[in-house]
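Hi,

Here is the structure I promised to pass on.

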Amino acid sequence: MAWDLDEAIGYYKSQGAPGDQNALVALLREAQQENGGVIPAHVPAAAAEAYGVKESFLLALIRRIPSLRLSDRHVLELCCGKNCGRKNAELLRYAETRQGPRLEVRQGGCMRLCGKGPNIRLDGRVYHKADRQLLEKLLAELGI
Ligand code: FES
């Protein structure tokens, strides 16, 4: 099963005290390890929100640890499983027109969240009831 940002945040938040920097670094290391050697660009904002710290604090933390590397390349995966595939087919065609150096589009298998579909995953975070309006909004937030 693919790495899930929300699950990872939940796990590391349960491991340490609130604001525990070691848990934050462990989360960032796992994000990097599970995503091809770079921290997906969306992770600092999501982790900052979950931990109640500023994103700028996390970005500074990443810069201070030379082994951590932040990506500016975003990965969009559309579920093409039995339940989402037909509904996501049109969205996939649209997503592929937006593909470029900062956006990689992938077709994925069932995310085991069929009841909430159609599902997409952007930089490790799953979004339910996906449609073109949602995708356009997410890409605009990333400046893509
Ligand atoms: S088919 Fe999309 S989550 Fe199962």
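In what order do the elements of the protein chain run from the N terminus on? The order is α-α-α-α-β-α-β-β-β-α, which comes to 6 helices and 4 strands (DSSP runs numbered from the N terminus, with H or I of at least four residues for helices and E of at least two for strands). The protein chain is as compact as a globular protein of its length, because its radius of gyration is 16 Å, close to the 15 Å that the globule rule gives for 144 residues (taken over C-alpha atoms; the rule is 2.2 Å times the number of residues to the power 0.38).

Before the rest, some ground rules: this is a predicted model, where local features need pLDDT of at least 70, side-chain atom pairs count only at pLDDT 80 or more, and totals for chains, interfaces and linings use all residues. Residues are numbered from 1 along each chain as its sequence is written, and side-chain values use heavy atoms, with hydrogens and water left out.

Now the domains. The protein chain splits into domain 1 (5–64) and domain 2 (74–141), with bounds from an automatic or database domain assignment. Their C-alpha centres lie 23 Å apart. Across the divide, 7 residues of domain 1 are in contact with 6 residues of domain 2 (heavy atoms within 4.5 Å). For the protein chain, 66% of the contacts with a separation of 6 or more come from residues 24 or more positions apart.

As for the box, the C-alpha atoms fill roughly 45 × 30 × 25 Å along the principal axes.

Cheers
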